[in-house]
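Let's take a friendly walk through a structure together. Have the sequence and the 3D view at hand as you read.

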Amino acid sequence: MDAESAIFGLIQGAALLFLSPLVIGIVRKCKATFQSRRGASIIQPYYELAKQFSKGQVISRQASWIFRVAPYVCMTCVVLAVTMIPVFITASFDYFGNILVLVSLMAMYRFFMALSALDTGSSFGGMGSSREVMISAIMEPTMFLSIFAMAAITQTTFLSGIAEAIQSQASNLLHPSLYLAFFAFFIVMLGENARFPFDNPTTHLELTMVHEAMILEYSGKSLGLMEYSSWTKLTIFLALLVNMFFPWGIATSISLWGIVSGICAFLGKIIVLAIVIALLESSISKFRLFKLPALSWIAFCLAFMAVILSFL
Amino acid sequence: MASELELALSVGIIVITIIIMVNNQVRNQLIWFITQTVVLGLLALTIGIAEVTTGGISLVEGLNFVAIAVITIAVKAIAIPAAIFKAIKRINLDASPDEQPKAFTVSVPRSIIVAFILVLLSYLIVQPVLVAEPVVLASITTMLLPASFAIVLIGLYMAATAKKVYGQLIALLVMENGIYFASVSTIFEFPAIVDIGILFDVFAAIMILVIFLIAIHRSFDTIQVNKLNELKE
């Protein structure tokens, strides 16, 4: 391992951690604009975090140590994950693992979140975690298949390797399965991050909430950590989407001009994706829970198509 | 980067076709069809610009190509959907009870599997054509032709399984989009008059179908295909 990649990995991880509330703010603002509301300022999520971190917390007497530990485990998972993602330069801190490790980190995040929701014994938490586990069970095969398609095209499972291979030899790697995997991964992103049409991120209606039901028992610092980690998870998925499938403008070697253009390209692509999510959330309604397998079936077939086409 | 964009748009058109196939409501299907046509027009514009800048075709031919794309969008994304929306309003589809449950006879997951096999088949079938010796094809053609085949095949499948008359109408439109897609990905020096002729044919066919739709609804009180085989005074 060389020191430069490690430094860039840490810088990029810090940048993603810093940017994630902003991404959420942009999504919320765009959504408000599409629905003809004025909406809060795009830096509102930072204020929310500051408010929650300065508050004390109330913990149920029934809660065990899992409930106390879960926010820190979730935050650790995303902090480990952000250092592996290439943001503006393809060098990143991914010596300790490839994209499969990233998927397992996300699985651990989800496992502890579901466990903590069950821990206090409230009926909402149990309902939320059962739904979350169902959604993740139908999304995970698709996620793996779209990653396998990428690995088959680029012959590597390391994130920096994937981004570099697609960016540097674009003409050889032009393949329809790349974009089929993109669409599959986009649906996976919506499912994994509790966005429409899988879950409504703004609701507190007991019939429909999934993610909100799981963090309902948390307050104060723990709530802040839980929300911050879920926002960062969304940003991780967006960064994966833009830098694995469309690594346009990302720097492949260390140069000032490359890094500046890489930062601009990354911000531009993230904002476009945030607007797409907001557009989606304003134009469709949340699906019934039992209609979700049909959607994940589409995603699964797209990813499977991608895998088979990548061997043709 | 230009060819990356073209490939991404072509895969996007396949995905939109699958979305049209799994939708149950004619309004949503039409809105997605409009999206598909606009994406196809964008694809044609990108191909035209790329061919002119790389010197594949002359400027006049490029303008011809772009003009066809603009006319196609105008007819297929504005005029035809407007006519169909008017027909839907006229026969009051929202009030009729048989509009609701299913647009196609085959269930959605099975349709998706069939579409998936059709896409794979079209890539497999087109592959030997693309590498055949005497013909040297442009790189864009080798990338996009299988996708256009897939869209025509999915359109055919939709027409075969449609339960209502408007399902067949939309299937026809999707197939026409696939054929236009095949033409933009293979022949860049197309005379505009041929394409405009094809477009006019489709326009006339859709108009006749829309009139039929209204007439069928008036005399049978339903637009379900399986009820149309009973003879009626």
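## A helix pair in chain B

In what kind of crossing, left-handed or right-handed, does α5(B) pass α6(B)? α5(B) passes α6(B) in a left-handed crossing, that is, the near helix is turned anticlockwise from the far one by less than a right angle (clockwise would be right-handed).

This is a predicted model: local features need pLDDT of at least 70, side-chain atom pairs count only at pLDDT 80 or more, and totals for chains, interfaces and linings use all residues. Residues are numbered from 1 along each chain as its sequence is written, chains are lettered from A in the order in which they are written, and side-chain values use heavy atoms, leaving out hydrogens and water.

Helix α5 (residues 139-161) and helix α6 (residues 165-186) of chain B pack with axes 8 Å apart, at an angle of about 165 degrees. That makes the pair α5(B) and α6(B) roughly antiparallel (angles over 145 degrees). Helices here are DSSP runs of H or I with at least four residues, and axes are lines fitted to C-alpha atoms over the stretch in contact, with angles from 0 to 180 degrees between N-to-C directions.

## A loop residue in chain A

Lys55(A) sits in the loop between α2 (44-53) and α3 (65-82) of chain A. Because its relative accessibility is 44%, Lys55(A) counts as partly exposed (between buried, under 20%, and exposed, over 50%, with a 1.4 Å probe and protein chains only).

Ser222(A) is 167 residues from Lys55(A) along the chain, yet their C-alpha atoms are separated by 9.8 Å.

Conventions
Helices (H or I, at least four residues) and strands (E, at least two) are DSSP runs, numbered from the N terminus. Angles under 35 degrees count as roughly parallel, over 145 as roughly antiparallel, 65 to 115 as roughly perpendicular and the rest as oblique.
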